[in-house]
Each structure stands twice: as C-alpha cells, then as structure tokens.
Amino acid sequence: MANELNNFSDIIAHCKEYGYIFPSSEIYDGLSAVYDYGQNGAQLKKNIRDYWWKSMTQLHDNIVGIDAAIFMHPLTWKASGHVDNFSDPMIDNKDSKKRYRVDHLIESHAEKLALEGRKEEEFALLKAMDELLAKDDFDGLKKLIDENEITCSISETSNWTDIRQFNLMFDTQLGSVSGESDKIYLRPETAQGIFVNFLNVQKTGRMKIPFGIAQTGKAFRNEIVARQFIFRMREFEQMEMQFFVRPGTEMQWYEYWKAERLKWHQSLGLPAEKLRYHDHTKLAHYANAAVDIEFEFPFGFKELEGIHSRTDFDLKSHQELSKKKLQYYDNDLNEEGKPYGNYIPYVVETSVGLDRLFLTIISMAYAEEKWIKEDGTEDSRVVLRIPPKIAPYKLAILPLVKKDGLPDIARELLHECEQSFYTFYEEKDSIGKRYRRMDAIGTPFCVTIDHQTKEDNTATVRDRDSMKQQRILLTEVKDFIVNKITG
C-alpha cells in the first residue's frame with residue numbers, strides 16, 4: 001500500500017507536469033478540492049465522454065441524449081428528496097475545529113491499520129461501520145470512533161462532538177434581490193434534469209418503453225472532506241443514463257445494465273481483476289436495489305459507477321408535487337393480451353463519474369519502466385499507456401532535423417492527418433528526447449521523417465507500448481493510424 005500511495009503522488013505530479021490537471025486558481029494558492037484540466041487533460045476527458053456518449057446513444061436505438069440546465073426550479077430538489085435527505089453524517093474535532101465525514105474518518109483509520117499489517121482489525125472496523133451506517137446509528141458510530149481511539153489529523157486528539165447530518169447542496173439566489181423565495185440550488189446530480197423532461201423526450205421522440213435518456217454534465221456537492229485528488233471534488237462531471245421500463249421488469253433490466261456496464265469498462269482496457277461489484281448494504285430512499293462497480297485505485301477499491309433500480313420514486317414524486325401527469329400510455333400491452341393502460345415507468349439508472357473514470361484511466365496507464373540495453377547500460381522512461389482510441393494525441397510527427405526539407409515533408413503529412421485525428425508536431429531536441437516526451441504524454445504512435453524519406457517516401461513509425469519501429473510508406477501513415485485507433 002505504501003508503494004502504491006507513493007506511486008499515486010507521482011501520478012499527481014505527472015498530471016501537472018504534462019498538462020493534464022492543474023490546481024485551480026494556483027497563482028492565488030489554489031482552491032481546495034477544485035481542479036482545472038490542462039490541454040491534454042481536457043482532450044482526454046472529452047474523448048472519454050465521447051466514447052461513453054457514442055456507446056450509450058449512437059449504439060442503442062432506444063436511448064437518446066439531452067443537455068438539461070444546471071439551474072432548476074427549487075421544488076425539483078424537494079420532490080427528489082435532496083432537500084430533506086441529501087445529507088452525510090459529520091463529526092467535528094473540538095480542538096482543531098476541523099470537520100470530518102464520519103465514513104471518511106473511519107476509512108482513513110482503517111487505511112493506517114492496513115499499512116501496519118493489521119488486516120483483520122481493518123476488516124472488522126469497516127464491517128462494523130457499514131452495519132452502523134445502514135441503520136443510521138449515530139450513537140453507535142460515535143462509540144466506534146471512541147473505542148478505536150481515532151484521532152484528528154490536525155490536533156491528534158480524540159475530542160469529538162456528537163455526529164450530526166450536513167446537507168451537501170450548494171445554494172444561491174436567483175435575481176438581484178436575495179431572499180428565501182429566491183433560493184435555488186446548484187444541481188447535486190444530473191438525473192433530475194432527465195426526469196422532469198421525461199414526457200418532453202418521450203412525446204417528441206415517439207419513444208416506446210423500454211427506452212433511455214442519457215446526459216453528461218457538471219454537478220456540485222459541498223463535500224466537507226474532499227480528497228484523493230480528483231476522486232472526490234466539489235465540482236465534478238457525471239455521465240448518467242436513466243432507463244425507463246415497465247413496472248415488474250425492473251430487476252431483469254437492473255441485471256442487464258449491471259453486466260453491460262462492467263463489460264463497457266473492460267472495453268477501455270480495465271482488467272477484470274481490478275474491477276468488482278459491491279452491493280449496497282444501505283439503500284437510498286428511492287432504490288430497491290443498488291450496486292457499485294468498484295475499481296482498485298492506488299488507495300484501494302473505490303466506487304467508479306453506480307447502478308440503481310430507482311423504482312417509480314422520481315417520476316411519482318415529481319407528478320405529486322407538480323400536479324402534472326408523468327405517465328406512459330402503453331398500447332403494446334394489448335398485443336400481449338393485456339388491457340391498455342397508463343402507468344408511471346420504473347427506472348434503472350447507470351451513473352459514472354467522468355472525473356473518476358479519468359483518474360482510473362490515468363492510474364492504469366502510468367508506468368515507470370527500466371531496462372538494460374544491448375550495450376549493458378540502463379535506460380528508463382515514464383509512460384502513459386492510454387488506450388489509443390481515447391489518447392489526447394494519436395500521432396506525433398517528428399522530423400529528424402530542422403533542415404534539408406524534412407520539416408516541409410513532416411508538415412505536409414501533418415495537414416493530411418489532422419483532419420482525421422489529433423496530431424502533434426515537434427522538431428525541438430533530439431529524437432530520443434522527443435520519443436520520451438511523447439511516451440510521457442501518452443501519444444501511442446510517432447512517425448519520424450528522416451533523410452531516407454526523401455529517397456523512397458517511407459518513414460519510421462514507432463509504437464509507444466512496445467517501442468518497436470517499422471518503416472511504411474508516407475501514403476499509408478494515415479490509414480495505418482486510423483486502423484490502430486479504431487481497433
């Protein structure tokens with residue numbers, strides 16, 4: 001675990017050094033748990049988002065996408081239960097005045113036990129925590145913290161307050177005059193934008209049950225203990241799909257999407273042994289079944305995506321509060337010998353954090369490699385083995401020298417390729433240093449234009465992962481790369 005955490009620190013530093021992620025407002029000493037995506041990070045993030053969007057909408061004839069506004073009528077969050085139920089148990093240390101989310105405080109102590117090799121104690125502590133959280137037993141949780149002598153990281157004391165709930169929604173005022181009637185919220189999830197548009201999409205798209213509505217976008221949660229880099233932030237991006245089904249069929253669709261989403265993550269190159277299901281011991285107020293797909297990050301297995309059977313809670317709640325019918329008229333029932341009827345559809349949700357998926361890809365891709373060359377000397381590199389289909393740049397075009405007409409040939413190839421995929425051009429430094437820089441950025445292929453290119457119109461293509469090289473015709477480079485990145 002210690003080596004993995006050291007590796008995680010290296011990943012964070014690498015992300016900044018190579019234009020993936022920067023601390024937000026860094027010139028003002030940053031803003032806690034808020035990050036900016038740099039030039040390479042923004043492109044990788046877009047590529048992941050596009051890959052999800054295509055797999056959900058383009059490859060499914062019964063799923064469509066929308067883009068709902070961040071600001072919504074405040075009654076939306078009353079109906080969804082967020083005003084009354086979107087809270088986390090918190091505890092304060094009386095000496096440091098630092099506030100902790102209870103599960104994070106206990107998990108941090110469990111991580112220390114693991115580092116000390118006390119695995120059985122770690123397991124027992126986390127098991128007890130899960131059982132107490134499932135029962136909302138705050139007195140029991142406080143007793144668990146006291147009995148295990150869990151201390152504050154700042155004051156190093158165990159002088160704790162009682163545990164109480166803390167609502168995670170950010171609120172603000174709409175308009176120029178502030179007041180209770182003008183209070184609105186930054187959305188804590190994107191799902192409600194889908195639910196309030198259910199009938200709009202169903203009618204205009206002539207959608208038939210079962211069908212889904214997908215959306216990606218920003219969400220905001222006032223996390224008291226945001227930590228672990230971009231794993232838990234106050235401003236983050238979700239990719240969610242709500243799948244509307246007949247009542248009584250929700251569990252078969254729940255199992256379907258549970259399996260489909262695991263296969264999708266594996267299609268990104270995530271190994272099966274790094275992924276697992278974790279069934280919820282405590283269900284949210286809207287769910288009758290819930291499971292997380294967890295990934296083994298450098299700091300342990302953590303939630304990557306949630307699949308929830310949300311029943312008819314959301315549409316029913318919005319129907320009751322808005323006084324607008326949110327029902328589906330199912331005329332297919334008659335073909336099955338059943339009477340026509342209106343009903344409120346049940347919903348199966350898939351929800352994955354884009355930032356967490358970004359961190360997953362980077363965590364899997366980062367590698368520090370050393371080897372002995374043929375002459376007996378040692379060589380090394382840092383490489384990001386990002387899958388070519390989502391890598392920020394697909395190809396780097398590198399003229400061997402900045403003269404003899406080689407840059408002209410290289411730029412001609414650049415203009416040919418850049419219409420089909422993102423291409424990087426560089427002519428500074430030795431070719432070896434440029435290869436290492438492209439490895440660190442994660443560019444899967446490099447093509448070198450050298451003096452032989454002028455003689456026979458061929459160039460050297462280098463594979464990032466194997467470092468093997470081959471010569472191909474310049475006229476074949478674009479198709480070669482397209483075939484590689486499309487699989």
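This is a predicted model: local features need pLDDT of at least 70, side-chain atom pairs count only at pLDDT 80 or more; totals for chains, interfaces and linings use all residues.

Tutor: Residues are numbered from 1 along each chain as its sequence is written, and side-chain values use heavy atoms, leaving out hydrogens and water.

Student: Which residues gather in a patch of negative charge on the surface?

Tutor: A patch takes residues with over 30% relative accessible area and no salt bridge, joining like charges within 9 Å. A salt bridge puts a side-chain nitrogen of Lys or Arg within 4 Å of a carboxyl oxygen of Asp or Glu. Here the patch holds Asp 408, Glu 412, Glu 416, Glu 476 and Asp 479. Helix H13 (residues 406-417) gives the largest share, 3 residues, whereas Asp 479 lies in helix H16 (residues 477-486).

Student: Is Phe 236 buried or exposed?

Tutor: Buried means under 20% relative accessible area, exposed over 50%, and partly exposed in between, with a 1.4 Å probe and protein chains only. Phe 236, in strand E10 (residues 235-245), is buried because its relative accessible area is 13%. Asp 479 counts as partly exposed, at 46%.

Student: What does UniProt list for "binding site"?

Tutor: Such annotations may be inferred rather than shown by experiment. The unreviewed UniProt entry lists twelve positions, among them Arg 101, Glu 189, Phe 236 and Gly 353. They spread over 253 residues of sequence and up to 25.9 Å between C-alpha atoms.

Key
Patches are made of residues with over 30% relative accessible area and no salt bridge: like charges are joined within 9 Å, nonpolar side chains (Val, Leu, Ile, Met, Phe, Trp, Tyr) within 5 Å. Accessible areas come from the Shrake-Rupley method with a 1.4 Å probe; for residues, only the protein chains shown count as cover. Lys and Arg count as positive and Asp and Glu as negative; His and the chain ends are not counted. The place of a charge is taken as NZ of Lys, CZ of Arg, CG of Asp or CD of Glu. Helices (H or I, at least four residues) and strands (E, at least two) are DSSP runs, numbered from the N terminus.
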